[in-house]
Amino acid sequence: MVHLVLLPALFFGMGYVIRKSHEDLFVEHARTFARVLADEFEVGVALDSQARTEDLLDLAIIHGESRYAELYEQGRSILSQLGSPDIKTPRRTDLGFAQGGDDIYFVVLPIVHGGRSAELRLGFDEQPTQERIQLALNRMLALLAGYLVVAIGIAILLSYRLSHPIHRLQAVSRAIASGDYARALNVSTGIRELHELAADLEGMRHELVGVNHRLEAKIKEKEISEIRREELQKQLRHRQRLETVGTLAGGIAHEINNVLVPIILFTDTALRDLSASSTSRADLERVLAAARRAKDVVKKILTFSRELDDAKLELIDLRAVVTEGLNLFSALAPPSIEIRTEICEDIPLVRADATLALHLVINLCTNAYQAMEGAEGVLTIGLRHEENADAGLVAQPRVEFWVRDTGHGMDSRTVERIFEPFFTTRSVGQGTGLGLSVVHGIVESFGASIAVDTKIGGGATFRIFFPAVTRVGMVGDAVAPVA
């Protein structure tokens with residue numbers, strides 16, 4: 001970089017000196033020659049002879065490097081025939097080299113001889129001097145270019161000797177940083193500082209390898225802890241939201257139930273008092289049917305909110321519950337739905353309420369059927385035992401029950417709200433939005449957990465994980481029958 005800045009400055013500086021010296025020599029030569037020739041006219045007899053005058057003018061062309069020579073006296077002009085014919089109009093003496101832009105340097109000198117006055121007009125050719133200047137510049141440029149090439153070659157050689165061990169050191173360092181701790185920082189170089197640096201870095205590598213392993217273990221442990229903490233916080237927020245909505249829904253349900261009880265009683269009493277032919281009987285029957293449907297909705301709300309606390313948990317066989325639920329659901333399922341089962345043998349008992357467990361199976365199957373919206377599809381019900389499932393913090397055996405459909409699936413926003421009461425993706429009047437919220441309430445009352453796997457266009461799978469009861473804990477317990 002220093003040479004790239006210094007050499008152009010040197011070239012232009014030396015070029016200015018060369019150009020100036022050649023121009024000064026040219027101007028000095030032209031003026032001296034013109035002065036000598038003028039003295040010859042003044043002290044000699046050439047002015048009295050035209051032939052002698054022409055000879056002197058030709059001499060200026062031949063030996064003086066002139067392109068124009070003229071003697072002008074009182075309107076009479078004598079020109080050298082050897083001059084350039086394209087130069088027509090002379091001018092006054094030029095003050096500097098290359099003045100006028102015609103490559104001619106003019107010198108005009110007065111001549112006085114024997115009472116006679118004349119002017120000597122000479123035009124010297126500047127082209128040879130410019131060519132010599134250009135030749136000198138070209139030679140100097142070639143010399144500087146050769147010097148630059150040699151300097152660059154030396155710089156490349158020195159930089160290679162310096163950078164090669166550095167690149168080697170850098171490559172080994174990057175390999176170690178990427179996890180290749182077996183690479184040694186041994187660099188062979190004649191540069192003492194780099195050799196000492198490599199030795200120091202090798203010592204640091206030995207010290208940092210152990211520290212790196214410990215840090216990786218701590219970071220991995222921290223990442224696992226963060227993931228578990230985020231999952232627990234998410235579950236806590238979801239539980240709190242459901243509890244809040246459940247409390248509100250329970251209070252509203254009780255109030256509605258208090259209103260529905262007299263409506264049902266008085267309507268039923270009015271129906272008994274009316275005759276079979278009464279015109280109001282059909283209207284009262286519709287009122288009674290609507291009130292009973294409302295009572296069923298209230299019952300579902302109470303099941304979601306509070307009534308699950310009264311569930312009687314016993315040891316039950318989920319295989320029997322699932323089989324009973326399939327028998328009930330098969331009678332309701334349309335022929336477009338193909339029902340498949342993946343129920344394993346040797347399923348351990350779980351602690352649950354048999355009636356609510358059956359209700360759970362029916363609700364999940366109904367939800368899967370509704371997700372397929374009456375189209376052809378496959379509904380799969382599965383049951384299996386996991387010996388060493390990772391249930392959050394510790395590994396414990398559990399029983400997994402799942403219901404899979406081939407419906408349109410759900411996006412992430414829908415999955416976040418599917419267990420909220422009254423949330424539904426169906427049209428108005430086609431669903432109450434309580435089915436999955438009741439499922440969630442039943443699962444929570446069993447001490448189980450529920451998860452959803454779904455994607456748009458890929459169906460959905462609802463998985464319920466029951467803690468399995470070991471054989472030791474089963475001694476003395478009775479298996480509850482399926483309702």
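Student: Let's begin with the overall picture. How many helices and strands are in the chain?

Tutor: There are nine helices and eleven strands. Please keep in mind that the model is predicted.

Student: What share of the 483 residues is buried?

Tutor: Buried residues make up 35% of them. As for the surface, the chain exposes about 29,100 Å², and carbon and sulfur atoms supply 58% of that area.

Student: And how should I read the contacts along the chain?

Tutor: Look at how far apart in sequence the partners are. Among contacts between residues at least 6 apart, 65% join residues at least 24 apart.

Student: Now a sheet. In what order do the four strands of the open sheet lie?

Tutor: The order here is β2-β1-β4-β3, and the pairing is antiparallel. The edges are taken by β2 (76–79) and β3 (104–113); each has a single partner strand, so one side of each is left without a neighbour in the sheet. From one strand to the next, the twist averages 20°.

Student: Over how many bridges do β1 and β2 pair?

Tutor: Strand β1, residues 66–73, pairs with β2 over four bridges in the antiparallel sense.

Student: Which strands does helix α1 touch?

Tutor: Helix α1 (residues 2–43) packs on the sheet and touches β1, β3 and β4 (116–125); its direction makes about 25° with that of β3. Helix α2 (residues 50–63) lies across β1, β2 and β4, and runs at about 150° to β1.

Student: Which residues form a nonpolar patch on the surface?

Tutor: Met 1, Leu 4 and Val 5 do, with about 380 Å² of accessible area together. Leu 4 is found in helix α1, and because its relative accessibility is 51%, Leu 4 counts as exposed.

Student: My last topic is charge. How do I read a salt bridge?

Tutor: The general idea is that side chains of opposite charge can pair when their charged atoms come close. This structure holds 21 salt bridges. One of them joins Glu 226 and Arg 229, whose closest N and O atoms are 2.8 Å apart. These two residues are three apart in helix α4 (residues 192–273), so about one helical turn separates them.

Student: Which residue meets Arg 384 at 3.2 Å, N to O?

Tutor: That is Glu 386. Arg 384 also forms a salt bridge with Glu 400, at 2.8 Å between the closest N and O atoms. This second pair links distant parts of the chain: Arg 384 is in strand β8 (residues 377–390) and Glu 400 is in strand β9 (residues 395–405), 16 residues apart.

Student: Is Glu 400 buried or exposed?

Tutor: Glu 400 counts as buried, at 1% relative accessibility. Through salt bridges that share partners, Arg 384, Glu 386, Arg 398, Glu 400, Asp 453 and Arg 463 are joined into one network.

Notes:
Residues numbered from 1 in each chain as written. Predicted model: local features only at pLDDT ≥ 70, side-chain atom pairs only at ≥ 80, totals over all residues. Heavy atoms only, no water. Pairing = 2+ DSSP bridges. Axes fitted to C-alpha atoms, helices over the stretch in contact; angles between N-to-C directions. Contact = heavy atoms within 4.5 Å. Patch = residues over 30% accessible without salt bridge, like charges linked within 9 Å, V, L, I, M, F, W, Y side chains within 5 Å. Areas by Shrake-Rupley, 256 points an atom, 1.4 Å probe, with all protein chains shown as cover. Salt bridge = Lys/Arg side-chain N within 4 Å of Asp/Glu carboxyl O. Buried < 20%, exposed > 50% of the residue type's maximum accessible area, 1.4 Å probe, protein only.
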